[in-house]
Amino acid sequence: MQKITLYIDITQFEETRANTGIQRTLKEFLKGALEQNEIKIKILLWKNSKQNAMLLDNDEVKLFLANTKNYIFQKLKPYDIFDCNPHNKNIFFDIDSAWNMPVKREKLYQKLKEKNFLIFNFIYDITPILFPQYAYEETKKNFFPYLLAVFRYSDYVFCDSTSAKEDFLQLKQKEGFQRAIPVQVVALGSDFCKEALCSTPKKYQTLLQSKYILFVGTIEPRKNHEDLLDVFTSLAQTYKDLFLVFIGKKGWKVDDLVKKIKQHPLKDKRLFWLQNIDDATLEDFYRHAFLVTYLSKYEGYGLPIVESLHYGNITIVSKNSSMYEVGCEFADYILHESKEELYSVLSHYYENSREYIKRKNYIQQNFKQKTWKSFFNALYKTFLAYH
């Protein structure tokens with residue numbers, strides 16, 4: 001059997017040290033990859049476009065995954081990816097946010113193909129193309145050239161939803177690329193926190209015992225935090241024991257919203273914004289939430305939806321893109337620009353405890369979680385089988 005070597009570039013992950021969305025997916029994939037022994041794993045960093053890659057020690061990567069926020073790599077050695085064994089099946093797998101990498105993919109993929117590499121990509125969504133007004137400026141500049149490189153050179157593409165797959169293929173057709181690329185949909189996992197690693201953080205104990213609405217996600221325009229903040233401001237006048245918790249880092253194009261949050265009269269009283277929290281803390285906030293919202297204007301998947309449902313939460317989400325595919329009948333759907341509808345559903349569950357309990361029981365008894373193990377296994381089987 002031909003030996004397989006899988007190359008993974010984690011440059012963006014190492015730089016941002018984020019812990020949600022794309023980074024969560026990469027992190028969980030790496031955990032699985034480093035536990036198996038059929039495929040050789042080589043994990044790389046590129047510090048700039050003129051240097052060779054740096055090869056990381058796999059045992060050190062495990063330490064990094066256990067302490068993503070603070071770990072500093074010690075064992076880095078220059079590595080020429082193009083000087084590889086041509087008799088192996090060499091696969092370069094872009095699962096990180098590759099469009100913003102210092103090494104641009106058009107030239108890299110071309111050189112890799114000259115060395116008979118297979119190129120695999122994970123496409124989460126194409127929202128920087130569909131909704132450029134919401135995109136980070138660097139992403140807006142880099143994303144389309146990255147997709148063109150995928151269209152030209154990729155041998156296989158994974159997507160996290162049928163919605164994302166259809167968007168990807170429609171754009172490919174629109175840009176005139178006739179070359180067939182196999183595309184496989186693989187659902188993301190929800191079981192990010194293993195019980196042995198989770199403990200209740202004492203400093204949040206009082207907040208965890210309150211009746212709070214939870215919104216998990218980077219503070220950026222597409223996620224639509226501002227509508228929830230406005231609705232909460234109105235609800236808080238009537239429901240004096242209701243709290244709001246945002247969990248996520250500050251993103252882009254949100255200076256006015258951040259100012260609005262920081263200057264809110266209920267800030268740090270009944271309105272809280274938590275950043276850079278660990279998995280144990282995130283797990284506890286999901287577990288104790290009164291209601292969870294995810295009001296994005298468009299998604300490739302919507303990972304916080306399944307994370308929330310995993311803990312049996314009533315989860316109120318936008319009625320667009322992949323959201324129904326992900327939440328199915330277990331989430332509650334509203335128009336993403338309807339504050340009136342959002343106010344109505346939140347107040348309904350606050351005022352109708354019988355309906356609230358009935359809905360939670362239904363979710364807890366019927367929602368079938370998607371695991372990160374099944375996510376990894378689907379990708380792993382494809383790598384082993386692909387020729």
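Which residue in S2 is the bridge partner of Ile4? I looked it up, and the partner is Ile39. A reminder to myself before going on: this is a predicted model.

**Entry 1: the sheet**

I took the pair around that bridge next. Strand S1 covers residues 4–9 and strand S2 covers residues 39–45. The two run in the parallel sense, and I found six bridges between them.

Then I traced the whole sheet. It is open and has eight strands, in the order S4-S3-S2-S1-S5-S6-S7-S8. The pairing is mixed. At the edges I have strand S4 (76–79) and strand S8 (183–185). Each of these has a single partner strand, so one side of each lacks a neighbour in the sheet. From one strand to the next, the twist averages 30°.

I also checked how helix H16 (residues 372–385) sits, and it packs on the sheet. I noted contacts from H16 to S1, S2, strand S5 (89–94), strand S6 (118–123), strand S7 (156–159) and S8. The direction of H16 makes about 145° with that of S5.

**Entry 2: the largest pocket**

How much space lies in the largest pocket? I get about 1,200 Å³. Its lining has 44 residues, and those nearest the centre are Asn19, Arg24, Lys27, Lys31 and Asp279. H2 gives the most, with five residues. By class, I wrote down 16 nonpolar, 14 polar and 14 charged residues for the lining of the largest pocket.

**Entry 3: the second largest pocket**

This pocket holds about 990 Å³ of space. I list 42 lining residues for it, with Ile22, Gln23, Thr218, Arg222 and Trp252 nearest the centre. H2 turns up here too, among the elements that give two or more residues to the lining. The others in that group are helix H1 (11–16), helix H5 (127–130), helix H6 (137–153) and helix H12 (303–310). The lining of the second largest pocket divides into 16 nonpolar, 15 polar and 11 charged residues.

**Entry 4: H14 and H15**

At what angle do the axes of helix H14 (residues 339–351) and helix H15 (residues 353–366) cross? I read roughly 100°, with the axes coming within 5 Å. The two helices are therefore roughly perpendicular to each other, as angles of 65 to 115 degrees count as such. On the H14 side, the contact is made by His348, Tyr349 and Glu351. They meet Ser353, Glu355, Tyr356 and Arg359 in H15. I sorted the residues of this contact into two nonpolar, two polar and three charged.

**Entry 5: the cavity**

Last, I searched the whole structure for cavities of 30 Å³ or more and found one. The largest cavity has a volume of about 30 Å³. Ile213, Leu235, Tyr239, Leu242, Phe290, Leu291, Leu346, Ser347 and Tyr350 line it. H14 is back in my notes here, with the largest share of this lining at three residues. By class, the cavity lining has eight nonpolar residues, one polar and no charged ones.

How values were computed:
Residues numbered from 1 in each chain as written. Predicted model: local features only at pLDDT ≥ 70, side-chain atom pairs only at ≥ 80, totals over all residues. Heavy atoms only, no water. Pairing = 2+ DSSP bridges. Helix = DSSP H or I, 4+ residues; strand = E, 2+ residues; numbered from the N terminus. Axes fitted to C-alpha atoms, helices over the stretch in contact; angles between N-to-C directions. Contact = heavy atoms within 4.5 Å. 1 Å grid on protein atoms, 1.4 Å probe; cavity = no way out; pocket = protein on both sides within 12 Å on 5 of 7 lines; lining within 4 Å. Points joined across faces, edges and corners; volume = space filled by probe spheres on them. Nonpolar A, V, L, I, M, F, W, Y, C, P; charged D, E, K, R; others polar. Parallel < 35°, antiparallel > 145°, perpendicular 65-115°, else oblique.
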